[in-house]
Amino acid sequence: MFTLAEVASLNDIQPTYRILKPWWDVFMDYLAVVMLMVAIFAGTMQLTKDQVVCLPVLQSTVNSKAQPSTSGKADFTTVETTTGQGEDASMRTVSFGSAPTVTPDVPLSRATSSQYQPTESGQELKKEQKDSSGRKTNLDFQQYVFINQMCYHLALPWYSKYFPYLVLIHTIILIVSSNFWFKYPKTCSKIEHFVSILGKCFESPWTTKALSETACEDSEENKQRLTGAQSLPKYVSTSSDEGSPSASTPMITKSGFKFSADKPLIEVPSVTILDKKDGEQAKALFEKVRKFRAHVEDSDLIYKLYVGQTVIKTVKFIFILCYTANFVNTISFEHICNPKVEHLIGYTQFECTHNMAYMLKKLLISYISLICVYGFICLYTLFWLFRIPLKEYSFEKVREESSFSDIPDVKNDFAFLLHMVDQYDQLYSKRFGVFLSEVSENKLREISLNHEWTFEKLRQHVSRNAQDKQELHLFMLSGVPDAVFDLTDLDVLKLELIPEAKIPAKISQMTNLQELHLCHCPAKVEQTAFSFLRDHLRCLHVKFTDVAEIPAWVYLLRNLRELYLIGNLNSENNKMIGLESLRELRHLKILHVKSNLTKIPPNITDVAPHLTKLVIHNDGTKLVVLNSLKKMTNVAELELQNCELERIPHAIFSLSNLQELDLKSNSIRTIEEIISFQHLKRLTCLKLWHNKIVNVPSSITHIKNLESLYLSNNKLESLPAAVFSLQKLRCLDVSYNSIALIPVEIGLLQNLQHFHITGNKVDVLPKQLFKCVKLRTLSLGQNCITSIPDKVSQLLQLTHLELKGNCLDRLPATLGQCQLLRKSGLVVEDHLFDALPPEVKEVLNQDTSIPFANGI
């Protein structure tokens, strides 16, 4: 036999799982324990006290007046027999006299009387016999034991014998069915994780802090509502003239923690300050909740298993009730037994009594009552399971009470587990919802961020950029630290990969801030912050993946001077690119777009009259439609890089104010249209580098005011003399072509300051080159030059000379006469420099400041 402890272990679950045990499961567990005790009590009683006592039924009715006398001695036997399953029969026999022959008609009273009075006279014996009313059965003790044993199995109904064991088996099945979802591997693992996470979320200091701060905010709002605060902040602009944001503008609203721009900021008192350990634990909990939700929400196995085990218990209840009701009346005190052993004992029928019948019947009725209660609870459970959709869980009430309006609704097994927890205590769901809220997570990150990035640490990260401005670059943070806005002398702020960036009203302290970079950072701003940026921001860089990531308030910065947009603006699947209207950018002068356009966005024409510089880097996508360029009458600088242009666009010839044109990295083969540039009287810089140009037409001479010409990385084999008729030319770059000869006409360029012919096939330098006495930069590297003429000394303003990669044997000693040339500006092989006379090397090694710039 198994012990009670072993049976009870079937109902053993972890104490922490009690939060998933609704009242009906707890009640059914107690009912199962009571049924288990009924089974054990009945079984114990049956094993120790179960008795069947049988007496023979006489064959004929005997008349008391005509009872035949029997010779011999009477025998009276009293038998007590206790039979039971697995027990030896115990017998107690009282016998008087010797065993008689089989004479059924001998009066039993006479036999008894004769045993006690053996010395009486025969007359007295006859009188006693005449007055007796019993009959002798002539059965011995062993025969009674035999009959009792046979009739226990033949006459006693099976339900009277096996009732305790059936109750035990049914109860075990019900116990297993109630707790199977806690034991099944595919469900118990999820339940274990859920209970663990739920307990940690309930006890987390962050939960208390978040809910406390929410309560403080709610009380502050109620105060304002009661005091009738009706005045709106003065800085809120309502007219479209002032550039107020529309409904789609991503301002910080009233959801979650109240960073609303529509009301004065409320300083929420901090209830507790989380230490680093608590903060890290809260961060880990947010991550666990996120992963657990993704793992559990994709299936409904727990729900189906719970429904299945409840259905099994209900079917079990119906089955037990049906067959038990039929057998309840079979348990009785009296039974008739026909053992068919007449040849052994002389009797065919016996009447038996079952001494446990009364107790078993009462226990059976108790068991039926318990199973009925159990069944009604199962039916209620099924009603609860199907009454509402348990595979959906809404935090609507939690959102209303805690002001966490962003807590998402959950589904499937996650929702079912939360419904079960609500039966235990709804406070668990409320506190757990804090860790489903992105606002709460962002608030935690904000607190941790502010704790880590102090004013002193941020000050250490401030640097000076190329424009000698103070710059701070923040990369991959969870938010923008509050201490940033205390850096009042900051000029440039770069925010990169900060998805939850918020710009508060404190930015108005940064009076020197004029340049802002948002790299994959869709920042949200408060109304006061927007007003400040609208009036003070001059330069904005926005890098994005999709055009929807561009904050809507960007298009309302009326004093913005420079706008840089880098991202996907492809309009192939849309009729119009998703850019908002740029009409409000009234002072925009520079627009830089690096994208994959097929045409210039029509919205750019909203600011076309104001633009002075337009840059389009197209990343290899062919720019087809350029008609919009004609409207940009004030554009002075135009860059169309990597646009797969095959010819110079005709729309450019209408830009009468154009001063600089850059067509870098296109597919231009011929530039015959260059003659039309004669109408562009102000054109001073022409960049046609990184193309496929084979020849430069002589019509280039018509661009009289050209000062810079860039033709590097093309397929030129020669330079036409027309190029050297451009008397104002100061910079000529023909590097990385196939030019073998520098024309002698180069000496005509008296204003030439920068000449680059690196990476060609030049072998001889004409003497006329050194007549360009204003040269500052001379790049002759990677050619076939064998010698440098001594006339290089005439270039008194030379600061940069590149000779590396040629066939030189030596350097002229006259290099020492180039007064501004230093070793840092001389790019040549080390052995050639070492071969110079010591006095020349000493001059070149002098560390004197160079008064002239290297660039134009």
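1. A nonpolar core is taken here as a set of buried Ala, Val, Leu, Ile, Met, Phe, Trp, Tyr and Cys residues joined through side-chain atoms within 4.5 Å; buried means under 20% relative accessible area with a 1.4 Å probe, protein chains only. The model is predicted, with local features needing pLDDT of at least 70 and side-chain atom pairs counting only at pLDDT 80 or more, while totals for chains, interfaces and linings use all residues. Residues are numbered from 1 along each chain as its sequence is written, and side-chain values use heavy atoms, leaving out hydrogens and water.

2. The largest nonpolar core comprises 133 residues, and Phe-677 and Phe-755 have the most contacts inside it. Helix 18 (residues 527-536) supplies the largest share of this core, four residues; helices are DSSP runs of H or I, at least four residues, numbered from the N terminus. Apart from this core lies another, of 81 residues, including Trp-24 and Trp-206.

3. Contacts of Phe-755 (heavy atoms within 4.5 Å), not counting residues up to four places away in sequence, include Leu-732, Val-734, Ile-742, Ile-746 and Leu-769.

4. Asn-148 is located in helix 5 (residues 141-154). Asn-148 counts as buried because its relative accessibility is 1%. A polar atom of the Asn-148 side chain lies 2.9 Å from the backbone nitrogen of Cys-54.

5. An unreviewed UniProt entry places the feature "transmembrane region" at residues 27-47, 162-182 and 364-386; such annotations may be inferred rather than shown by experiment. In the model, residues 162-182 are 100% helix, with end C-alpha atoms 31 Å apart. Residues 364-386 are 100% helix, and their end C-alpha atoms lie 33 Å apart.

Methods:
Buried means under 20% relative accessible area, exposed over 50%, partly exposed in between (1.4 Å probe, protein chains only). Helices (H or I, at least four residues) and strands (E, at least two) are DSSP runs, numbered from the N terminus. A polar contact is a pair of N or O atoms within 3.5 Å; within protein, one must be able to donate a hydrogen and the other to accept it, and residues adjacent in sequence count only if both atoms are side-chain atoms.
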